[in-house]
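Me: I'd like to go through this one with you, a question at a time. Here it is.

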Amino acid sequence: MFDYSVKLKNLKLKNPVIAASGTFGYGEELNDFFPVENLGALSTKGLSLKPRLGNPMPRIIETPSGMINAIGLQNVGVEAFLEKKLPLLEKRQVTVIANIFGNTLEEYIEIAKILESSSVAAIELNISCPNVKAGGMEFGNDPKMAAVVTEEVRKVFSRHLMVKLSPNVTSIVEIAKKVEAAGADSLSLINTVTAMVINTQSKKPMIANGVGGLSGPAIRPIAVRMVAQTYQAVKIPIVGIGGITELNDILEFMIAGAAAIQIGTSNFTKPKIAQELIDQLQNHLKTEGLSSPQELVGTLEGF
Amino acid sequence: MKASLIQDRLCDVVYQIPLSANYYRLGLHSQIDQFTPGQFAMLAVPQIAGVLLRRPFSLAKQDGPITEILYKVVGKGTQALSQVDVGKKIWMLGPLGHGFNEIEKINEGIAVAGGYGIAPFYELAQIRKNAQKPFTIYYGARTQSDLLYLEQFAELGVTLKISTEDGSMGFHGKITDLLNQDFAERAPQKIWSCGPMGLLSAIKKWSAAKQTDVELSIEEAMGCGTGICLGCVVKDQNGQYIRACKEGPVFNGASIDV
Ligand SMILES: Cc1cc2nc3c(=O)[nH]c(=O)nc-3n(C[C@H](O)[C@H](O)[C@H](O)COP(=O)(O)OP(=O)(O)OC[C@H]3O[C@@H](n4cnc5c(N)ncnc54)[C@H](O)[C@@H]3O)c2cc1C
Ligand SMILES: Cc1cc2nc3c(=O)[nH]c(=O)nc-3n(C[C@H](O)[C@H](O)[C@H](O)COP(=O)(O)O)c2cc1C
Ligand code: FES
């Protein structure tokens with residue numbers, strides 16, 4: 001009997017395909033294209049304690065096989081999310097992962113406390129956010145700080161805690177180990193790669209924020225490498241993210257060690273992509289005679 | 001007008017006609033029922049040299065199952081698009097966003113267009129004609145060869161008021177100067193406008209001074225066209241960012257900061 005579901009410790013997904021944070025809104029828009037409850041899970045646009053305006057324009061620029069964004073984490077805030085956005089997702093029985101970020105440790109804790117008494121299945125902790133109390137250094141760039149945020153959120157949130165790792169670090173493996181020790185249930189990687197494009201006429205950056213985050217197929221080999229290395233170093237499940245556009249990309253991540261994957265930028269270029277990949281992956285696994293996606297995870301050889 | 005469902009379809013290219021000044025008319029067998037002028041589509045240009053994102057284009061005309069797009073080659077995506085032959089296929093996602101309002105209702109219908117901002121007024125002219133309402137387009141361009149659809153508009157009974165920056169056709173100067181000349185004593189009932197941001201902010205100012213109702217179709221870089229990337233925002237009158245692709249691209253002029 002084939003079983004498509006995936007267990008990330010205490011989080012059960014009907015399939016291993018998750019919509020990545022910031023690339024699927026709050027699930028309202030792409031419902032026109034396929035029933036969003038077909039997703040393994042939906043990771044929400046990053047939520048903060050208070051609503052955020054976001055960055056000035058221009059916010060995005062295309063790059064070879066990728067794009068850079070500096071949206072500035074524009075979002076409705078956690079309260080408005082619970083009141084106005086979550087009910088639709090509950091009604092459709094979507095497995096919701098609340099992606100959260102804060103500018104201080106206290107903000108992270110506060111949001112997690114609020115979510116503890118909601119219906120969300122999990123928190124995805126975005127630690128690629130500047131810590132205003134530490135001179136703007138990102139939480140996720142410092143192994144100690146990454147561990148502290150994880151530990152503190154762990155204390156106030158009892159359900160699944162996924163921590164999303166930044167690739168903009170010297171050693172993602174070191175941070176992964178620290179975050180695992182601090183109580184994370186799973187790791188998702190990677191977030192976007194900090195990048196820049198310059199207009200050679202005006203000599204100014206092409207996006208208003210100066211730098212932004214690179215996503216799309218351009219970052220996939222970096223992400224696959226990081227998943228493979230992290231898989232060897234931790235025991236908790238890994239969720240692979242970065243430039244997935246077709247079935248073969250998913251297989252790569254799973255072989256490297258990802259128990260589930262997230263689809264980001266591809267949702268922009270093809271609104272039905274998640275549904276298509278859910279179907280294709282299922283067919284592939286069955287054709288290969290596997291009884292569950294898990295059988296493929298971490299089957300990498302010669303590394 | 002009945003709203004058409006958004007679809008993402010692989011469409012046959014039924015025609016690809018080069019015009020002057022690097023413009024093309026592209027006919028796609030889209031099978032959409034209809035659209036509201038001002039709505040747009042995201043086209044997946046051929047996957048050349050790392051082009052990733054789809055490109056937004058106004059829907060210019062619907063003729064049975066065929067949608068026309070009027071586009072100008074400005075970069076690698078539109079260059080690749082212009083190389084697609086008749087009989088090949090292109091993914092088209094649309095119709096997207098909100099188009100112009102009160103198209104059939106307004107008695108004195110006036111549009112102001114610049115560049116490929118002329119595109120939505122092709123279908124709009126057809127709707128005005130069907131509703132037996134007059135339609136005047138103030139159409140500004142750099143030079144004569146940038147002016148498009150002139151024959152089509154003549155057939156649809158549109159009054160064309162042309163201005164060119166070099167004086168090669170029509171009024172010599174800016175389109176707002178021509179508007180000032182024609183509306184020295186009075187104000188038009190309403191203006192629909194589409195074109196470069198500079199033109200739109202000039203029309204917004206002009207309309208505000210005249211206390212004329214104005215709708216602007218704005219152009220921003222777009223990542224998705226479906227409202228999920230937040231890459232296409234404009235500021236509304238409350239200083240909040242709203243999405244050009246979802247809440248727009250047509251906005252009431254007073255409601256946005258351009
Ligand atoms: C709602 C909406 C409706 C639109 N409708 C139409 C339409 O009906 N017809 C049409 O031709 N275009 C239209 N556009 C603009 C069109 O989307 C762009 O011209 C196109 O995306 C450019 O793609 P590219 O790959 O060729 O250029 P890119 O490779 O992305 O850009 C190459 C170069 O061209 C420049 N460039 C990019 N965009 C423009 C531009 N708009 N004008 C001048 N230079 C530019 C860039 O700055 C760059 O230097 C519309 C845009 C929006 C948002
Ligand atoms: C426009 C945009 C907005 C994003 N917003 C968020 C966010 O709010 N929180 C977050 O953790 N990641 C965010 N991401 C990162 C993605 O979730 C994902 O990690 C990254 O884009 C790599 O995957 P991809 O190549 O499939 O897009 C965003 C990415 C994009 C392109
Ligand atoms: S283009 Fe993505 S939100 Fe408008």
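Me: Let's begin with Ser188(A): is Ser188(A) buried or exposed, and at what relative accessibility?
Reply: Buried here means under 20% relative accessible area, exposed means over 50%, and partly exposed is in between (1.4 Å probe, protein chains only). Ser188(A) is found in strand S10 of chain A, residues 186-189; helices (H or I, at least four residues) and strands (E, at least two) are DSSP runs numbered from the N terminus. By that cut-off Ser188(A) counts as buried, because its relative accessibility is 0%.

Me: Before we go on, what sort of model is this?
Reply: This is a predicted model, with residues numbered from 1 along each chain as its sequence is written, and with chains lettered from A and ligands numbered from 1 in the order in which they are written. Side-chain values use heavy atoms, leaving out hydrogens and water, while local features need pLDDT of at least 70, side-chain atom pairs count only at pLDDT 80 or more, and totals for chains, interfaces and linings use all residues: it's a predicted model.

Me: Which side chain does the side chain of Ser188(A) make a polar contact with?
Reply: Contact means heavy atoms within 4.5 Å. Leaving aside neighbours within four places in sequence, Ser188(A) is in contact with residues including Met162(A), Leu165(A), Val239(A), Ile241(A) and Glu124(A). A polar contact is a pair of N or O atoms within 3.5 Å; within protein, one must be able to donate a hydrogen and the other to accept it, and residues adjacent in sequence count only if both atoms are side-chain atoms. At 2.6 Å, the side-chain partner of Ser188(A) is Glu124(A).

Me: Zooming out, what is the radius of gyration of chain A?
Reply: Chain A has 8 helices and 16 strands, and buried residues make up 60% of its 303 residues. The radius of gyration is taken over C-alpha atoms, and the globule rule is 2.2 Å times the number of residues to the power 0.38. For 303 residues a compact globule would be near 19 Å, which agrees with the value for chain A, 18 Å.

Me: And why is chain B as compact as a globular protein of its length?
Reply: Chain B has 5 helices and 16 strands. The globule rule gives 18 Å for its 258 residues, so chain B is as compact as a globular protein of that length, its own radius of gyration being close to that at 18 Å.

Me: In chain B, how many of the contacts between residues at least 6 apart join residues at least 24 apart?
Reply: The C-alpha trace of chain B spans about 50 × 40 × 35 Å along its principal axes, and 55% of its residues count as buried. Among those contacts, the share is 64%.

Me: What area do chain B and chain A bury between them?
Reply: The size of an interface is often given as the accessible area lost when the parts come together. Buried area is the accessible area (1.4 Å probe) that two parts lose on being put together, summed over both. The contact takes 30 residues from chain B and 31 residues from chain A. With 64% of it on carbon and sulfur atoms, the buried area is about 2400 Å².

Me: Which residues in chain B lose the most area to chain A?
Reply: Together they make up 31% of what that side buries. They are Leu52(B), Ile228(B) and Tyr241(B).

Me: Which side chain does Glu29(A) meet in a salt bridge?
Reply: A salt bridge is a side-chain nitrogen of Lys or Arg within 4 Å of a carboxyl oxygen of Asp or Glu. The count between chain B and chain A is 2. At 2.8 Å, N to O, the side chain that meets Glu29(A) is that of Arg243(B).

Me: Now the backbone: which residue does a cis peptide bond join to Gly248(B)?
Reply: Most peptide bonds are trans. Omega is about 5° for this cis bond, and the residue sits in the loop between S15 and strand S16 (250-252) of chain B. That residue is Pro249(B).

Me: What is the phi of Gln132(B)?
Reply: Gln132(B) lies in the loop between helix H2 (120-130) and strand S9 (135-141) of chain B. Gln132(B) is exposed, with a relative accessible area of 73%. Although Gln132(B) is not a glycine, its phi is positive, about 55°.
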